[in-house]
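Here's a quick tour for someone who likes cut-offs spelled out. Have a look at the model first, then read on.

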Amino acid sequence: MIAENQYIPAPAELVQVIDETPTIKTLVVAPSRPLEFRAGQFVQLSIPGAGEAPFTPSSSPSRTRQVAITILRTGKITDRLHECQTGQTLGLRGPFGKGYPIEKTAGKDILVVGGGVGLAPLRALILALLEDLSGIKRLSIKYGARCMEELLYADQYEQWARDPKVDFTCTIDNPQEGWDGRTGVVTTLLKDVDVDKSNCLCFVCGPSVMLKFTTFTLEEEGFAPEQIYLSMNRRMSCGMGLCGKCNIGPYYICKDGPDMNYALIKDYPNVF
Amino acid sequence: MTTLYLDEARLAALLAEKEGISTFAPAPTDALAWMDTADGQTAAEALRQARPAQSAKGIFLAAAESVGRYGAQAGTPSRTEQQTMVVVGVRACELRAWNYLDKVFLEGTFKDDAYARRREATITVSCDCVDCTESCFCTLVGGQPHATEGYDVNLTPLEEGFLAEVATDRGREWLESGGSGLNEATDDQLARRDALRADMAKRVEAQNAAFGFQADDGNQPGLPDDADEAWGRFSADCVECGACTHICPTCHCFYLYDQALGPEEFERLRMWDSCLLSTYHRMAGGPGMKLTPRPALFSRLANRVLHKFAYSPQQYELIGCVGCGRCIDACLGAIDIRQVVKELSR
């Protein structure tokens, strides 16, 4: 934990603001103490006096002094976060949750599926995997955004796919002038997906409706629920399995997730 | 374990104001609260009544409290010496609830320091029930109306005074703080205690016989999931006031709320929350996004009951309902959790 009192944020200076898309910014913060975290673990980022919201860092876990947090403008706190200026002091609590089960990726094909700002947590996973590709067989990244302008980290795809083990495909929802790439929602990239399905783990992050249809598509494609990890969206206040809000059945997403193995939660209603 | 006898005057003296100790005891049932009391006589009277209308969880988890300050005046509140607290008249159902809260706040991934300090500083003086409310149903969920563990001293009200079973050294110290020279209980008194306990258990069993289910930590009723509209039969009467959750001794949901004390000074409060409220699960998000996983009230009511009867046993190996019946008394819509479980169990 970054702070002694687990309820209180440690100061974190905003050192850089990156305009990613018309609706998404990345805030790079320098916490008062290095933040040790696993890819997929999340933090509570606060605006002093106003409140906090949970985000999974989008930068590599090997960077602990400066942590990138990519934020879609979508509510009261994120509105305020989008207005923040470099030099401002924000607050950080965490890390919370289990993070991605990177230890289970050894010797496997890894299929990463992102929707919209859902690529942010997945970037921490992608960067962690890219730092040592020897452990895995393949990394296949499928990404969908609403439109061209909303493609997140567009300048980085080429670099990610530089190694022959890695491939990246993206799509936008509808045809658009100036776009000659794939169109259609992200699930269209998963039909007959070219990975070794019997030896593959899938990591999915995006809005609820995207998680739902991606999961159904992956099941149709022959993946077992045990192979699918979903970044679940739930209200979280404490981050520690105490405040109760984020349950799916007996699981607290903050403590047992936020990336949940689909086999654990699939039989509970209201998952999506 | 030693069981001693003390008359009412002696108990009243023990409950009287003491330097450096906060003594909490139930107020008689026409008042609602647990009192930090100096009036030993009133408290002794309340011990002969049914369980207090309110649970004592607020002693460890206040309805709203500061969890710390940050900014220029950063710090954690009340790190000062925690005063010894004596909580007198705790019923068996409440003790089970404390055991449950301990699992949540002390034995999880994160330990709550303030809760831990308060629990450690507490001398627990439990009390057998010699009366019950119509809503008491501890025997349906694996409990008894007398405590079997989790106390320092356990009291039994008899006609002539109180028996005090001493379970720990600090319980003995508390008892002897009113002076020494207490006699051991006589065989006759112990026999009357056992008879009272058996009668009380029978009375609670009898008033709940019609509900016809039996649950405990290892045995739960099969309830439908929170998407099943059968829950709607009960949620139709729910007005989302949150009284059931606030009065429940095991409900512990909260939210964190930040306030500015000055331009550079901020405080974070922990406030009780209620899973019945529509705002409870509410997330940020734009049009077309699902902002809460349980938009329907019946799903939220189901989630509360399922948390007690299905999820808690998986999370903590404890059933989450202790059968105190307070939610039944508090409900404006007259929803009776016993009836819910009876009608919906498969």
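Predicted model: local features only at pLDDT ≥ 70, side-chain atom pairs only at ≥ 80, totals over all residues.

Residues are numbered from 1 along each chain as its sequence is written, while chains are lettered from A and ligands numbered from 1 in the order in which they are written.

**Domains and contacts**

Chain A splits into domain 1 (10-96) and domain 2 (102-231), with bounds from an automatic or database domain assignment. Their centres, taken over C-alpha atoms, are 23 Å apart. Contact here is when the C-beta atoms of two residues, placed from the backbone, lie within 7 Å. Classes go like this: Ala, Val, Leu, Ile, Met, Phe, Trp, Tyr, Cys and Pro are nonpolar, Asp, Glu, Lys and Arg are charged, and the others, Gly among them, are polar.

| Side | Residues in contact | Classes |
|---|---|---|
| Chain A, touching chain B | 37 residues, with 41 residues of chain B | 15 nonpolar, 17 polar, five charged |

On the side of chain A that touches chain B, helix 1 gives the largest share, three residues. Helices (H or I, at least four residues) and strands (E, at least two) are DSSP runs, numbered from the N terminus.

**The sheet in chain A**

Seven strands of chain A make an open sheet with mixed pairing, in the order 10-9-8-7-11-12-15; strands pair if DSSP finds at least two bridges between them. Strand 10 (182-183) and strand 15 (259-261) of chain A are at the edges with a single partner strand each, so one side of each has no neighbour in the sheet. Strand 8 (residues 138-145) and strand 9 (residues 166-172) of chain A run parallel over seven bridges. In strand 9 of chain A, C170(A) is the bridge partner of Y143(A).

Leaving aside neighbours within four places in sequence, V112(A) is in contact with residues including L122(A), L125(A), I141(A) and F203(A).

**Chain B**

Chain B has 11 helices and 11 strands. Its C-alpha trace spans about 75 × 60 × 35 Å along the principal axes. Among contacts in chain B between residues at least 6 apart in sequence, 73% join residues at least 24 apart.
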